[in-house]
Amino acid sequence: VDVNVDHVPLSVLLPTEWLVGTISASLMAPFVAIIDTSISANAGGVSSLKDQLTAGFKTLFTKPATFIRWRPFHIILGVYSTTYMVANSTEAICERNNLNPFYYKFAATSVTNVCASVYKEMEFTRIFSSAKPRPLPVTSALLFCGRDSLTILASFNLPGIIAHKLQASYGISRRVAETGTQLVLPCAVQFLSTPLYLVGSHLYNYPDATVKERAAFTGKKYFGTAAARVARIFPAFGVGGVANKFLRREARGMLAKVPWEIFRIITQ
């Protein structure tokens, strides 16, 4: 976000980054919650994607008060709020210290999102699983970590790099390149990460299944689950990512116009 805010106190800038992250997450959390619970219910064998999606959207639009008290919605809002907050604040701190944010943002955001998502998967798998609740296997947790790390890489790190190359090599405008890569890359990587999710879920639900049975399950559920995950990630990190960048640019623009030096003098 190319707005110079070096003169803005971190005590003001960081809460602004957190607020922007929370707003960005709030815009898409209801839709992600519905899609995510549908994926979990389908993978757990307790409901079809269609039935769960229908029930979720019906509750959202006919009983919004009930929906906002829904625990899965609270979990999703928490996962994405913390993810965007950490990504934004890490980038702001790196900029203030003249550090390349690529690795710092990837590490901080991945750890945050993976921890939050593993907790979310544990809760969702228990809520929407046909199996008796039990601890999440280490292998399932590692597979979920790999899935989420791929998504973070494609959502927060690669879009800027690919967008820059598109501008330099093909003369594409900055806005089109940034928006296009932010919308496409997080969705595209789901076709790589979906097997990790399906195998992790199957390990939890059917711990004694054979490799052949896991492969058959993954093949059967792959396209429907991948499509559903794309539909989930598109608002979560595609549209949400575009909104986050826009809101950060606008918020920073407003902060940059404030004469912070005067406040420093007054408070000294």
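These legends accompany a set of close-up views of the structure above.

The model is predicted, so local features need pLDDT of at least 70 and side-chain atom pairs count only at pLDDT 80 or more, while totals for chains, interfaces and linings use all residues. Residues are numbered from 1 along each chain as its sequence is written, and side-chain values use heavy atoms, with hydrogens and water left out.

Helix α2 covers residues 49-62; helices here are DSSP runs (H or I, at least four residues), as strands are (E, at least two), numbered from the N terminus. The expected span is 1.5 Å times one less than the number of residues. Look for L49, Q52, G56 and L60, which are buried. Buried means under 20% relative accessible area, exposed over 50%, and partly exposed in between (1.4 Å probe, protein chains only). Down the axis of α2, the buried residues fall within an arc of 75 degrees, so they line one face of the helix; the arc is that of the directions from the helix axis to the C-beta atoms. An α-helix has 3.6 residues a turn, so residues three or four places apart point the same way. On the face of α2 turned away from the buried side, you will find the exposed residues K50, K58, F61 and T62.

**View B. Helices α7 and α9 packed together.**
Here α7 (residues 174-188) packs against α9 (residues 211-256) at an angle of about 150 degrees, and their axes are 7 Å apart. That makes α7 roughly antiparallel to α9. Axes are lines fitted to C-alpha atoms, for helices over the stretch in contact, and angles run from 0 to 180 degrees between N-to-C directions. Angles under 35 degrees count as roughly parallel, over 145 as roughly antiparallel, 65 to 115 as roughly perpendicular and the rest as oblique. The crossing of α7 and α9 is right-handed; a crossing is right-handed if the near helix is turned clockwise from the far one by less than a right angle, and left-handed if anticlockwise. On the α7 side, the contact is made by R174, E178, T179, Q182, L183, P186 and C187. Their partners on α9 include V230, F234, F237, V242 and R249. Contact means heavy atoms within 4.5 Å.

**View C. Helices α6 and α8 side by side.**
The axes of α6 (residues 138-170) and α8 (residues 190-205) come within 8 Å and cross at roughly 160 degrees. The two helices α6 and α8 are therefore roughly antiparallel to each other, and α6 passes α8 in a left-handed crossing. Among the contact residues are T139, L143, F144, R147 and L150 of α6, together with Q190, L196, Y197, V199 and Y204 of α8.

**View D. P135 in the loop between α5 and α6.**
Welcome to the loop between α5 (101-128) and α6, where P135 lies. P135 is exposed, with a relative accessible area of 63%. Not counting residues up to four places away in sequence, P135 touches R126 and Y204. The C-alpha atoms of P135 and A236 are separated by 27 Å, and these residues are 101 places apart along the chain.

N98 sits in the loop between α4 (71-96) and α5. Its phi is positive, about 55 degrees, although N98 is not a glycine. At 73% relative accessibility, N98 counts as exposed. S173 is placed in the loop between α6 and α7, and at 38% relative accessibility S173 counts as partly exposed. From S173 to A163, ten residues apart along the chain, the C-alpha separation is 9.2 Å.

I76 belongs to helix α4 and counts as buried at 0% relative accessibility. Leaving aside neighbours within four places in sequence, I76 is in contact with A29, V32, A33, D36, K120 and F124. A116 lies in helix α5 and is also buried, with a relative accessible area of 17%. Beyond residues up to four places away in sequence, A116 touches V79 and T82.
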